[in-house]
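Open your viewer and get ready to click along. We will take this tour one selection at a time.

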Amino acid sequence: MALRMIVTVKQVPDTQNLKGEAMTPEGTVNRGALPAIVNPEDLIALEEALRIKETVDGSIIVLSMGPPSATEALKECFYRGADDLVLLSDKVFAGADTLATSFTLKSAIEKLGDYDLILCGRQAIDGDTAQVGPQLAEKLKINQLTRVTEVLEVTDN
């Protein structure tokens with residue numbers, strides 16, 4: 001059984017050590033003042049996909065939507081063991097809400113073709129909405145499981 005897995009990831013500002021110019025006068029995160037990292041919750045999804053890949057024959061496509069600088073986040077995913085990387089980048093995506101993001105990801109997944117499993121992190125640390133994964137499943141008309149803590153076994157049933 002060869003599983004084709006897609007893992008969605010987001011590049012986010014590293015909010016671990018907020019200080020000084022980390023916030024704008026309007027009270028939003030000053031993304032330019034903070035280093036960018038792969039969303040930690042998305043790395044958990046990637047690690048689970050890698051564990052599954054060790055158990056069964058499979059491949060992992062990492063899909064992200066963001067500015068060209070998000071290639072750094074994708075490189076980290078590749079170094080961890082992802083097979084293919086896809087970055088959706090366009091100025092029109094800037095400031096996209098969860099509905100626009102999930103629609104864009106859905107459209108990309110449809111273009112990528114067949115898949116067996118999509119893994120998403122619980123939520124992004126820069127928005128904390130936890131809506132993109134469930135909205136993506138709804139738009140793709142597929143079943144979803146949320147708050148999964150461990151995958152015990154993968155079979156072809």
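**Before you start.** This is a predicted model, in which local features need pLDDT of at least 70 and side-chain atom pairs count only at pLDDT 80 or more, while totals for chains, interfaces and linings use all residues. Residues are numbered from 1 along each chain as its sequence is written, and side-chain values use heavy atoms, with hydrogens and water left out.

**Stop 1: the whole protein.** Show the cartoon and look for 4 helices and 6 strands. Helices are DSSP runs of H or I with at least four residues, strands are runs of E with at least two, and both are numbered from the N terminus. Along the sequence, they come in the pattern β-β-β-α-β-α-β-α-β-α. Of the 157 residues, 34% are buried (under 20% relative accessible area, with a 1.4 Å probe and protein chains only).

**Stop 2: α1 and α2.** Select residues 40-55 for helix α1 and residues 71-80 for helix α2; they pack at an angle of about 30°, with axes 11 Å apart. The axes are lines fitted to C-alpha atoms over the stretch in contact, and angles run from 0 to 180 degrees between N-to-C directions. That angle makes α1 roughly parallel to α2 (the term covers angles under 35 degrees). Now show side chains: L43, L46, E47 and L50 in α1 meet E76, C77 and R80 in α2. Contact here means heavy atoms within 4.5 Å. The residues of this contact divide into 4 nonpolar, no polar and 3 charged. Asp, Glu, Lys and Arg count as charged, Ala, Val, Leu, Ile, Met, Phe, Trp, Tyr, Cys and Pro as nonpolar, and the others, Gly among them, as polar.

**Stop 3: α4.** Next, select residues 132-140, helix α4, and highlight its buried residues: Q135, L136, A137 and L140. Which elements do the buried residues of α4 pack against? Select β1 (2-9), α3 (98-112) and β6 (117-120) to see these partners. Just after α4, click K141, which takes a positive phi of about 60°.

**Stop 4: α3 against α4.** Keep α3 and α4 on screen: their packing angle is about 50°, and their axes are 9 Å apart. Residues making the contact include F103 and I109 of α3 and V132 and K139 of α4. By class, this contact has 7 nonpolar, 4 polar and 3 charged residues.

Notes:
Angles under 35 degrees count as roughly parallel, over 145 as roughly antiparallel, 65 to 115 as roughly perpendicular and the rest as oblique. Buried means under 20% relative accessible area, exposed over 50%, partly exposed in between (1.4 Å probe, protein chains only).
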